[in-house]
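Colleague: Could you walk me through this one before I start looking at it by myself?
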Amino acid sequence: MAVCEEKKQDTRIQRIASSIRVVPDFPKKGIMFQDITTLLLEPKAFKDTVDLFVEQYTGRGISVVAGVEARGFIFGPPIALAIGAKFVPLRKPRKLPGEVISENYILEYGSDCLEMHVGAVQPGERALVVDDLIATGGTLCAAISLLERAGAEVLECACVIELPELKGRGRLNGKPLYVLVESH
Amino acid sequence: MASEGGEDPRLPRIASTIRVIPDFPKPGIMFQDITTLLLDHEAFRHTIDMFVERYRDKRITVVAGIEARGFIFGPPIALAIGCKFVPMRKPKKLPGEVISEEYSLEYGTDIMEMHVGAVQPGDRALVIDDLIATGGTLAAAIRLLERVGAEVVECACVIELPELQGYQRLGGKPLFVLVKAA
């Protein structure tokens, strides 16, 4: 990348990073919550976020963008629209009507479940998984499993924010991860 | 399923991509499923374009989308018209300081929350959800926005269930929909 392009990219990343608000002790004491709602209040920062993902994924034959409920629903659709892909919502249990496939995954305490519609994704499709943030990688891992069970090839996972200390990057079944901002 | 007007050639395609699931979430309900619309890239694009064309010259400064399907349609509209997107959420999802509004369900009540400081007095707001049924959810969103001094310009949904007359519960605010489901 030419130096001037790098500078433009840095400016956009800086603006994005500075628009994210950290809320201490949410949802419980000790957690520094990365709040992207303040990014959504800055049209330029939100546009830059989507543009950076679109630049990364245009022309790579991606036919499906899967977004994880609920904040993945905010970032996934604009990317899908821009790159000409369909958008598939991955949801908590019992939200999707009709026939679904389910994938259980482990939380810090207990477990949860992610669902996808049967028939939304066809064998051989190339997929991108989008969420606002990757922490331990458990949710994204479940998302990858759902897509692979339907016969899709997951190209990459994309998040606005990564919490690198939680090492989620290494839990994605070998799939690459692309993020805009790391939070330490 | 009838489409609104019928002059715009994009509407039949949009309407045809919506799937009806009987007896969801409970017996007797014909659920209007927009996920099949999202699988048709052109239909999804047309849906967003029709909203953007309507609102781009109305000096909208905030699009408020109702969790969770309002999060799918709201942000592309906000991005296209260059304004803020504000998520209206179920309780305890938004971090930091919120204001809450209780609203009625068929049985019982629910609560909708919005961040303090997201919307300023004088902001011109558009409220988005995938569907209007009884109008209770949209009415709660309107109240939250008005409590912080915004002006709600219009409510916009992909689908309306006209028999439930939700448009009457919007405090006089206008409603724009693409598809009416009989």
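Predicted model: local features only at pLDDT ≥ 70, side-chain atom pairs only at ≥ 80, totals over all residues.

Colleague: Fine, start with chain B: at what angle do α3(B) and α4(B) pack, and how far apart are their axes?

Modeller: Helix α3, residues 41–55 of chain B, packs against helix α4, residues 70–81 of that chain, at an angle of about 50°, and their axes are 9 Å apart. The two helices are therefore oblique to each other, and α3(B) passes α4(B) in a right-handed crossing.

Colleague: Which residues make that contact?

Modeller: From α3(B) there are Phe44(B), Thr47(B), Ile48(B), Phe51(B), Val52(B) and Tyr55(B), and they meet Ile72(B), Phe73(B), Pro76(B), Ile77(B), Ala80(B) and Ile81(B) of α4(B). By class, eleven of these residues are nonpolar, one is polar and none is charged.

Colleague: And in chain A, how do α3(A) and α4(A) cross?

Modeller: The axes of α3(A), residues 43–57, and α4(A) come within 9 Å and cross at roughly 50°, which makes α3(A) oblique to α4(A). The crossing of this pair is right-handed. On the α3(A) side the contact involves Phe46(A), Thr49(A), Val50(A), Phe53(A), Val54(A) and Tyr57(A), while α4(A) contributes Ile74(A), Phe75(A), Pro78(A), Ile79(A), Ala82(A) and Ile83(A). The contact of α3(A) with α4(A) has eleven nonpolar residues, one polar and no charged ones.

Colleague: Now the interface. How much area do chain B and chain A bury between them?

Modeller: About 2700 Å² is buried between chain B and chain A, with 72% of it on carbon and sulfur atoms. On the chain B side, Leu39(B), Leu79(B) and Pro95(B) lose the most area to chain A, together making up 21% of what that side buries. In terms of contacts, 34 residues of chain B touch 35 residues of chain A.

Colleague: How many salt bridges are there between chain B and chain A?

Modeller: The count between chain B and chain A is zero, although over all chains it comes to 33 salt bridges.

Colleague: What does α4(A) do with α3(B), then?

Modeller: Helix α4(A), residues 72–83, and α3(B) pack at an angle of about 110° with their axes 10 Å apart, so they are roughly perpendicular to each other. Here α4(A) passes α3(B) in a left-handed crossing. The contact brings Pro77(A), Ala80(A) and Leu81(A) of α4(A) together with His41(B), Phe44(B), Arg45(B) and Ile48(B) of α3(B), and by class these are five nonpolar, one polar and one charged.

Colleague: Back to salt bridges: which residue does Arg71(A) pair with?

Modeller: Arg71(A) forms a salt bridge with Asp132(A), the closest N and O atoms being 2.8 Å apart. This pair links distant parts of the chain, with Arg71(A) in the loop between β3 and α4 of chain A and Asp132(A) in strand β7, 61 residues apart.

Colleague: Last topic, the backbone. Where are cis peptide bonds found in chain A?

Modeller: One joins Phe26(A) and Pro27(A), with omega about -5°, and Pro27(A) sits in the loop between β1 and β2 of chain A. Another runs from Glu69(A) to Ala70(A), with omega near -5°, and Ala70(A) lies in the loop between β3 and α4. Separately, Lys167(A), a residue other than glycine, has a positive phi near 60°, and its place is in the loop between β8 and β9 of chain A.

Methods:
Residues numbered from 1 in each chain as written. Chains lettered and ligands numbered in written order. Heavy atoms only, no water. Axes fitted to C-alpha atoms, helices over the stretch in contact; angles between N-to-C directions. Helix = DSSP H or I, 4+ residues; strand = E, 2+ residues; numbered from the N terminus. Parallel < 35°, antiparallel > 145°, perpendicular 65-115°, else oblique. Left-handed = near helix turned anticlockwise from the far one by under 90°. Contact = heavy atoms within 4.5 Å. Nonpolar A, V, L, I, M, F, W, Y, C, P; charged D, E, K, R; others polar. Buried area = accessible area lost by both parts, 1.4 Å probe. Salt bridge = Lys/Arg side-chain N within 4 Å of Asp/Glu carboxyl O.
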